[in-house]
Amino acid sequence: MKKKITAIALSTVMVISMTVGVSAANKRLYEKMDLDSLLKASEKGLYTYKINALDKENAEPDFDDLKDKIDEYKKLTQYEYQPNYYENKLKLLELENEFAITEFEFNYLKNKDSADKKALQYKLQSEYNNLYLLDSKLKSVNSNLKYLDKLFEIEKVKLSQERSTDINVSICEMDVKLAKTSVKQIENEKLKIEHSIANMLNEYDNDEYCFVVIKPELPELTLTEANVIKNFFDKNYDYTKQKKQLEADQKYLKEVEKIFEFDKDNEQIKKLKNTVEISKLEFEIAEENYKLYISNKFIDYTTALYNRNVYLKYRTTLSQKLSLLETSFKNGNISEIDYIYQKADIQAALYDCDNADIALVNVINEISLLNEGMLL
């Protein structure tokens, strides 16, 4: 059934993609849009939710058809003396095995909108955080560009006074050009992220937006590693499906062994046992890998929290230094070039502080997503 659902879903996506140019989704993006408004825009009306509804609608007949087949074979295996009893019994066991997974997939489709919304909001917030970091980096690079521009002007004056060389002037000029290139690269990266956000919300023909990017609030992590592991295993689709498949296969093997209890050396039974044992080992490996991944995320959190606390104190020191610098410049205690240089240095350090803040926000958000059983 999964193959059938997947094939239908893919064809649905292709049809929708072909019609995008004619009729995109209702506009959800607008100028000066903040993070809260951005997250609300992901709540309904998106193509992914429409696809989920179509998948569910298409899956219902297949699901009902499978139940009817099981009922049919149950009637054919009520009594051992019925014609082709053992053959039909094996077929019934296969259908029941298939039904266990089909039922799980069908129920998952019923609640897929909620999972997709959480995943989308996580991605939107991550991109928003990236915009904030790029804005911070842009301030740093522009501050450095201002300093390099000033050096270039000074070097040209020195050259006119025969106190410099053409090579020094050329180097300063190239430094300015490289800094301008960096500015352009950052602006292009911002544009790419804005387009990425627009695509997530099916805004394929809307270029009239400009996000209000402010520093994201730092969430508090109240989850424990043990709780996240438990909740992840309770809610994760891939893990739960693999577990149910293993349970269904083990049940199937047990029932088949009953049928062939007088033929325990049967080669097909041996192969089936080996296959189930392989599935069991693969499941245990996957389970431990999931645990390791979550454990590593908590290690990342510890590291990010430590860094952020260090940079928090550093930010306070930088703010004090910037205040003293402004006062010194106004009072004429330092030259303009020294002022511009030191301010650029402070701005670069402030970007490092912002980077530490966002790293902590991102890892907390990812742990929260893992707690919902989602691994992106």
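Is Lys297 buried or exposed? Lys297 is buried, at a relative accessible area of 14%. Keep in mind that this is a predicted model.

**Aromatic pairs**

- The model holds 16 aromatic pairs.
- Phe63 and Phe106 make a stacked pair, because their ring centres are 4.5 Å apart and their planes meet at 5°, where under 30 degrees counts as stacked.
- Phe63 belongs to helix α3 (residues 47-76) and Phe106 to helix α4 (residues 85-110), so this pair ties together parts that lie 43 residues apart in sequence.
- Both Phe63 and Phe106 are buried.
- Tyr108 and Tyr237 form a tilted pair, since their ring centres are 4.1 Å apart with the planes at 35°.
- With Tyr108 in helix α4 and Tyr237 in helix α8 (residues 237-259), the pair ties together parts that are 129 residues apart in sequence.
- The two tyrosines fall into separate accessibility classes: Tyr108 is partly exposed at 27% relative accessibility, whereas Tyr237 is buried at 18%.
- Elsewhere, ring pairs join Phe232, Phe233, Tyr239, Phe283 and Tyr290 into a cluster.
- A ring also meets a charge: the charged end of Lys156 sits over the ring of Phe152, at 4.4 Å from the ring centre.

**Salt bridges within helices**

- The salt bridges number 26.
- Side chains of opposite charge can pair when their charged atoms come close.
- An α-helix has 3.6 residues a turn, so residues three or four places apart point the same way.
- In helix α3, Lys56 and Glu60 are four residues apart, which means that about one helical turn separates them.
- Lys56 and Glu60 form a salt bridge whose closest N and O atoms are 2.9 Å apart.
- Both partners are partly exposed, with Lys56 at 25% relative accessible area and Glu60 at 29%.
- In helix α5 (residues 112-160), Asp116 and Lys112 are likewise four residues apart, with about one helical turn between them.
- The closest N and O atoms of the Asp116 and Lys112 salt bridge are 3.0 Å apart.
- Asp116 has a relative accessible area of 17%, so it counts as buried.
- In helix α9 (residues 267-330), Asp300 and Lys297 are three residues apart, again separated by about one helical turn.
- Their side chains meet in a salt bridge at 3.7 Å, N to O.

**A network of charges and a contact in space**

- Lys215, Arg308, Arg315, Asp354 and Asp357 are linked through a network of salt bridges.
- Lys56 of helix α3 has another neighbour to look at: Leu109 is 53 residues away in sequence, but the two C-alpha atoms are 5.9 Å apart in space.

**Cysteines**

- The number of disulfides is zero.
- Cys210 is partly exposed, with 44% relative accessible area.
- Cys353 is buried, with a relative accessible area of 1%.

**Helix α10 and what follows**

- Helix α10 (residues 336-371) has 36 residues, and at 1.5 Å a residue these should span 52 Å.
- Just after α10 comes Gly373, with a positive phi of about 85°.

**The largest nonpolar core**

- The largest nonpolar core has 40 residues, and those touching the most other members are Leu29, Leu38, Ile197, Leu201 and Phe211.
- Helices α2 (35-40), α5, α6 (166-200), α9 and α10 each contribute at least two residues to this core.
- Helix α5 gives the most, with eleven residues.

Technical notes:
Residues numbered from 1 in each chain as written. Predicted model: local features only at pLDDT ≥ 70, side-chain atom pairs only at ≥ 80, totals over all residues. Heavy atoms only, no water. Phe/Tyr/Trp six-rings, centres within 6.5 Å; stacked < 30°, edge-to-face > 60°. Buried < 20%, exposed > 50% of the residue type's maximum accessible area, 1.4 Å probe, protein only. Lys NZ or Arg CZ within 6 Å of the ring centre and 35° of its normal. Expected span 1.5 Å × (residues − 1). Disulfide = S-S within 2.5 Å. Salt bridge = Lys/Arg side-chain N within 4 Å of Asp/Glu carboxyl O. Core = buried A, V, L, I, M, F, W, Y, C linked by side-chain atoms within 4.5 Å.
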